[in-house]
Amino acid sequence: MSTELQQVLSSLTELKTDITELKTDVNDLKTDVNDLKANVGGLKTDMETSNTKFDNYQKATQWVVNLAFSLIASATVITVVSSVFRR
């Protein structure tokens, strides 16, 4: 009976060691998840900033295109009007 008791104690000691290792692994995973959460939060902020910049560039580009077409139209009208009045 003493041998059986020693085997049970040995098994319990091994289980305790395994549980301690699992606890350490879970804590490490928890730390990794928190790090990933922080990184995703940073990426979200960066993406929002990029979206804002892209929207501003898109609006500025559209404004430049509209200005260019307005200048072309004005130049065309001036050219046509001046050639009509020269006759």
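Buried here means under 20% relative accessible area, exposed means over 50%, and partly exposed is what lies in between (1.4 Å probe, protein chains only).

**Figure 1. The whole chain, a predicted model with one helix and zero strands.** By the cut-offs above, buried residues make up 0% of the 87 residues. The C-alpha trace spans about 125 × 15 × 5 Å along its principal axes. The radius of gyration is 37 Å, while a compact globule of 87 residues would have one near 12 Å; it is taken over C-alpha atoms, and the globule rule is 2.2 Å times the number of residues to the power 0.38. The accessible surface comes to about 8300 Å², with 64% of it belonging to carbon and sulfur atoms. Those areas come from the Shrake-Rupley method with a 1.4 Å probe, and for residues only the protein chains shown count as cover. A bit of bookkeeping: residues are numbered from 1 along each chain as its sequence is written, and side-chain values use heavy atoms, with hydrogens and water left out. Since this is a predicted model, local features need pLDDT of at least 70 and side-chain atom pairs count only at pLDDT 80 or more, but totals for chains, interfaces and linings use all residues.

**Figure 2. Close-up of the salt bridge between Lys59 and Asp55.** A search of the whole structure turns up one salt bridge, meaning a side-chain nitrogen of Lys or Arg within 4 Å of a carboxyl oxygen of Asp or Glu. Here the closest N and O atoms of Lys59 and Asp55 are 3.3 Å apart. The two residues are separated by about one helical turn because they sit four residues apart in helix α1. Lys59 is exposed, at 54% relative accessibility, whereas Asp55 is partly exposed at 32%.

Figure 3. Patch members need over 30% relative accessible area and no salt bridge; like charges are joined within 9 Å, and nonpolar side chains (Val, Leu, Ile, Met, Phe, Trp, Tyr) within 5 Å. Leu9 belongs to helix α1 and, at 45% relative accessibility, counts as partly exposed.

**Figure 4. A negative surface patch.** Its members are Glu14, Asp18, Glu21, Asp25, Asp28, Asp32 and Asp35. Glu14 is part of helix α1, which covers residues 2-86. Overall, the protein has 9 positive and 11 negative side chains, and the centres of the two sets lie 27 Å apart. Lys and Arg count as positive, Asp and Glu as negative, while His and the chain ends are not counted. Each charge is placed at NZ of Lys, CZ of Arg, CG of Asp or CD of Glu.

Figure 5. Leu36 lies in helix α1 and is exposed at 54% relative accessibility.
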